[in-house]
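Me: I have a model open on my screen. Walk me through how to read it, one feature at a time.

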Amino acid sequence: MPSWNSRGLRGSALEELINMTNEKYRENRLALIQKVPTPITPVQMDQETRHITLAYFEQKSTVDYIGVVQGVPVCFDAKECAADTFALQNLHAHQVAFMEDFERQGGVAFLLIYYSKKERYFYLRFAKMKEFWNRMEQGGRKSFRFEEIEEEYEIPKGHGALVPYLIPLQKDLENREE
């Protein structure tokens, strides 16, 4: 099991940007999105300060964020990618299953991916993510290339939020109606 101060904090800058965006959306009454706490198992505590000094992530968590946007239930996971390929090992089968179940219940699930070298954010629709996942499960690539991302779902800069993912979410909702 990874310890709490290793891999888990890699995306903390991205997470902070998303948290600030979510707060802005809440203030403007556009959405109510909550960060899902990562379940941990404390192993060691400092008795004087009562702070956890060593802990392990519990294996099964769902997604990073869950909430509602103008009456539409949404859930998403945020991932940072330093390369031009996104390794599907960054996702877990139980997360994909949760997102699939969420969509079956009428919600919208997606990945928010930050390509750090390119400084570009993308909204990856669950249906597209599932294509990549199925391809891997059928013996194909265990990753997807940047070129395979749907350009029309790039998250634009600005628009009153740090990571304005409601813009591609709206496009996703409109495309589902067609």
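Predicted model: local features only at pLDDT ≥ 70, side-chain atom pairs only at ≥ 80, totals over all residues.

Reply: Start with a loop. Arg 29 is found in the loop between helix H1 (12-27) and strand S1 (31-35). Arg 29 has a positive phi of about 55°, although it is not a glycine.

Me: Is Arg 29 buried or exposed?

Reply: Arg 29 is exposed, with a relative accessible area of 74%. The cut-off for exposed is over 50%. Now look at the loop between S4 and S5, where Gln 70 is placed. Phi of Gln 70 is near 50°, again a positive value in a residue other than glycine. Gln 70 is exposed too, with a relative accessible area of 60%.

Me: Which residues of H2 are buried?

Reply: Gln 95, Val 96, Met 99 and Phe 102 are buried in H2. Seen down the axis of H2, the buried residues fall within an arc of 120°, so they line one face of the helix. Ala 93 and Arg 104 are exposed on the other side of H2.

Me: What covers the buried residues of H2?

Reply: The cover includes strand S4 (65-69), strand S5 (72-81), strand S7 (108-115) and helix H3 (126-137). Check the end of the helix as well. Just after H2, Gly 106 takes a positive phi of about 95°.

Me: Now the aromatics. How many aromatic pairs are there?

Reply: Pairing needs ring centres within 6.5 Å. By this rule the count comes to 14 aromatic pairs. One of them joins Phe 76 and Phe 110, which are stacked at 4.7 Å centre to centre with 10° between the planes. That pair links distant parts of the chain: Phe 76 is in strand S5 and Phe 110 in strand S7, 34 residues apart. Phe 76 and Phe 110 are both buried.

Me: How far apart are the ring centres of Tyr 123 and Tyr 153?

Reply: The centres of Tyr 123 and Tyr 153 are 5.7 Å apart and their planes are at 20°, so the pair is stacked. Tyr 123 lies in strand S8 (residues 120-125), and Tyr 153 in the loop between strand S9 (143-145) and strand S10 (154-155), so the pair ties together parts 30 residues apart in sequence. Tyr 123 is buried, with a relative accessible area of 1%. Tyr 153 is buried at 2%.

Me: Which residues do ring pairs link into a cluster?

Reply: Tyr 25, Tyr 65, Phe 76, Phe 110, Tyr 123, Tyr 153 and Tyr 165.

Me: And charges over rings: what lies over the face of Tyr 65?

Reply: Lys 35 does, at 5.6 Å from the ring centre. Look at Phe 146 as well. The charged end of Lys 118 sits over the Phe 146 ring, 4.6 Å from its centre.

Technical notes: Residues numbered from 1 in each chain as written. Heavy atoms only, no water. Buried < 20%, exposed > 50% of the residue type's maximum accessible area, 1.4 Å probe, protein only. Helix = DSSP H or I, 4+ residues; strand = E, 2+ residues; numbered from the N terminus. Arc of directions from axis to C-beta. Contact = heavy atoms within 4.5 Å. Phe/Tyr/Trp six-rings, centres within 6.5 Å; stacked < 30°, edge-to-face > 60°. Lys NZ or Arg CZ within 6 Å of the ring centre and 35° of its normal.
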